[in-house]
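Let us walk through this protein model together, one topic at a time. Keep the sequence and the 3D view open while you read.

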Amino acid sequence: MKKNKENITLVTVCDNHFAVMLAALLKSILTNQNGTGLFSLYIVDDGISRKNRRRLDSIIMHTANFGVNWLPIKKAFPSNIELPLDGSAFPLSVYARICIPYFLPDTVEKAIYLDADTLVENGLEELWNVDMSGYGLAAVTDKATTVSTRWAGIKNYAALGIPADSLYFNTGVLIMDLKKWREEDIPSHVFKCIKENIKYATFPDQYGLNVYFANKWLALPAHWNSYAQDDIIDPKIIHFTGMKPIYRGYQFNQAYKRRFFEYLSSTPFRKFKPKSSYFRLLSKMMHVLEKKQSALTQWIREVKVTLSP
């Protein structure tokens, strides 16, 4: 695609399980763009099958102002970074968003990150043009509104010197000043924070980013990250936090669910039917096992180093 300093750079991360959700996201972006922007989309591929990748490519294939860059998950993480092996059921790929300044070209100084379980209901040009006012990150306050919210938040906020009423943001939709991130080497600080406080990192990437950016991030209006548990009338981005509409157990905002399947009906995934919630549990179990395997690999590596002459 023709290079242009005004390109809108988008990043998302997806595995094969969520390919159907990414399909609806891509269709929603294309449907609601105003036609004036040039988009560079980076998809971090965490094991998407060839068949599903072809399906996803076909959604954007003939869109002149949309360039797609596929990046294997292993290339998203620098070789010198050891990922924190927290005890959550989130996949290791959640850490990819923290590494965006590393794997995007140095010439790209700004990016919008979107979770694969979102839908865009508005032209992204408006979000792209938000005045960052010197902040390195812009986001929307989470359903856990402050760092002291017990079920999420930052459980050791007091020990870290963070005021209890500090706002806590969701990492599903982010605007990132990559120039600032690189200058301050923010990813290294965030990973260090997560590792040192691993027992408190219930939502690992979100924990580390909220600690680093405590009281120094730009709060976006709620409609830029409208949670499916809520009822924002005119959302600009819908975010299916919690149970996804691809499962029969989904019981959140039904209007949002209808929008999801409306977009999906115009993609090669149009015949998809919601699956049993047991598939969700199986996916979570696989993520936990992946971390245990990674922990074992790290331990073996450390033992070899210790025993080597």
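The pLDDT is the predictor's confidence in each residue, on a scale from 0 to 100. The chain averages a pLDDT of 90, and 87% of the residues score at least 70. Over residues 1–5, however, the pLDDT is below 50. Beyond near neighbours in sequence, this stretch has eight contacts in the model, a contact being heavy atoms within 4.5 Å. Where pLDDT is low, the predicted coordinates should not be read in detail.

This is a predicted model, in which local features need pLDDT of at least 70, side-chain atom pairs count only at pLDDT 80 or more, and totals for chains, interfaces and linings use all residues. Residues are numbered from 1 along each chain as its sequence is written, and side-chain values use heavy atoms, with hydrogens and water left out.

**Strands and crossovers**

Helices (H or I, at least four residues) and strands (E, at least two) are DSSP runs, numbered from the N terminus. Two strands pair if DSSP finds at least two bridges between them. Start with strand β2, residues 39–46: seven of its eight residues are buried, where buried means under 20% relative accessible area, exposed over 50%, and partly exposed in between (1.4 Å probe, protein chains only).

Strand β1 (residues 8–15) runs parallel to β2, joined by eight bridges. Across this pairing, Thr9 stands opposite Ser40 in β2. The chain goes from β1 through helix α1 (residues 19–32) to β2 in a right-handed β-α-β crossover. Right-handed means that, with the strands pointing away from the viewer, the path from the first strand over the helix to the second runs clockwise.

β2 also pairs with strand β3 (residues 66–72), in the parallel sense and over seven bridges. Here Tyr42 has Asn69 in β3 as its bridge partner. Together, β2, helix α2 (residues 50–60) and β3 make a right-handed β-α-β unit.

**Aromatic rings**

Rings of Phe, Tyr and Trp (its six-membered ring) pair if their centres lie within 6.5 Å; planes under 30 degrees apart count as stacked, over 60 as edge-to-face and the rest as tilted. The count comes to nine aromatic pairs. One of them, Phe240 with Phe260, is edge-to-face, at 6.0 Å centre to centre and 80 degrees between the planes. Phe240, Tyr250, Phe252, Phe260 and Phe261 form one aromatic cluster.

**Some buried residues**

| Residue | Relative accessible area |
|---|---|
| Cys99 | 0% |
| Cys193 | 11% |
| Phe240 | 0% |
| Phe260 | 1% |
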